[in-house]
Amino acid sequence: MKFVLKPAIVLFIVASATVILLTFVHSATLEPIAAQARRMREIAAIEVLPFASMIEEVELDDFDGITNVFVGLNDGLVIGYAIEAYQLGYSGRIDIMVGISVESEQITGIRILRHTETPGLGSLVTREVFYGQFYEAPLMPLRVVRSGADGADEINSITGATITAVAVTEAVNRAIEWYSLIGGSLR
Amino acid sequence: MNYFKLIKNGIVNQNPVFVQVMSLCPLLAVTTSAVNAITMGLATTAVLICACFAISAVRKVIPSEIRIVVSVIIVAGFVTILQLVMEAYLPPAINESLGIFIPLIVVNCILFARIESFASKNKPFASAVDALGMGLGFTLGLFVIGVIREFFGSGAVFGIELISDTNSHMVIMVLAPGAFFTLGALIMIIHSIRRRRGGVGV
């Protein structure tokens, strides 16, 4: 009996002590972790809406592929939207932020928020050479070409990593779709 | 107990990466850049020190039948704390790229090697010093491999671009095979030097 009891009691004490410590650390870091995520999103939203003097998060109805939306305001007028969209890439979800101007009806920039693509290949979409192509793109379905994009709706893929480039472009198209279906009516 | 000797033992004589060749999984996976390598190394060192100290402190009251279970609980606890703290206070980009390898420190074999062979037989302070030496040795190994891979693979060091022409980057160096090539070459160089000096190679 003693052989069973002593290990059981020791194990119980060790496990309880660990759980108490973890509970404490978890509740202490809950707020900073949420703040980190929020800050990262807001920085990206400001970057894709450079002409907005302030941004505000809006309530969002369920829409496939869209996670968050910010409106960009200038003197109380809605001048643009920053739309957070995602799409599955080569090795997981890619989250991006897309800025759309209400006035010019163009894309004002995109940023890659999170991705798990192959380092050195798919991950190159985080370079400006790639995402800069979306600057001033028209609000119509965009498509990826291998190289030599000439139409306004064509995007060059990067280092042949077409799956990643297509995924990013599809996510941008999702954001454009949200804007034309819902964003316009929020104005 | 000579503490200086313990630290030197971890960094040089028994270096976990180049001599013991342990914990290759995180080693090969996260060394795509110098910053990732150092963060991973220091994270492992922190867990190693805390866990070795704690386990050494309770070593006399833990019945030997549940020794491993208790070690796993203590290590997992420290790893979870580390993960929460890193998520809360480090730049999100670093957390993203280290991803699954932070929780996987739980099954890091350097940890269990030090716990079983050192911390369960020595006093808490000596165990912590031994853990510090081993952790720094691991960090050094990660850092060297990280710098080499980042330079050849993405033409940068610490994220500062040195070669901007992407055509001259050896992409294979930041992919999995590059890690094996780098580690193999480094082990070869280090052991040929050790042999020449009259030491024992692997």
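**Strands, contacts and cores**

Mentor: Keep in mind that this is a predicted model. Start in chain A, where strand 1 (residues 54-57) and strand 2 (residues 66-74) pair in the antiparallel sense over four bridges.

Trainee: What stands opposite A:I55 in strand 2 of chain A?
Mentor: That's A:G72.

Trainee: And how many bridges join strand 2 of chain A to strand 3 of chain A?
Mentor: Eight, and these two run antiparallel. Strand 3 covers residues 77-88. A:N74 stands opposite A:L77 in strand 3.

Trainee: How many residues sit between the strands in that hairpin?
Mentor: Two. A:D75 takes a positive phi there, near 55°.

Trainee: New topic. How many residues of chain A are in contact with chain B?
Mentor: 20 residues of chain A, and they meet 26 residues of chain B. Helix 1 (residues 2-48) of chain A gives the most to chain A's side, with 16 residues. By class, that side has 13 nonpolar, five polar and two charged residues.

Trainee: Now the cores. How many residues has the largest nonpolar core?
Mentor: It has 44. B:V47, B:L48 and B:I74 are among those with the most contacts inside it. Helix 3 of chain B gives the most to this core, with 13 residues.

Trainee: What is B:V47 in contact with, leaving aside neighbours within four places in sequence?
Mentor: B:V75, B:F78, B:V79, B:L82, B:I105 and B:L111.

Trainee: Which residues does the second core include?
Mentor: A:A82, A:I94, A:A167 and A:V172 are among them. This core is separate and has 42 residues.

Methods: Residues numbered from 1 in each chain as written. Chains lettered and ligands numbered in written order. Predicted model: local features only at pLDDT ≥ 70, side-chain atom pairs only at ≥ 80, totals over all residues. Contact = placed C-beta atoms within 7 Å. Nonpolar A, V, L, I, M, F, W, Y, C, P; charged D, E, K, R; others polar. Pairing = 2+ DSSP bridges. Core = buried A, V, L, I, M, F, W, Y, C linked by C-beta atoms within 7 Å. Buried ≥ 20, exposed ≤ 12 C-beta atoms within 10 Å, placed from the backbone.
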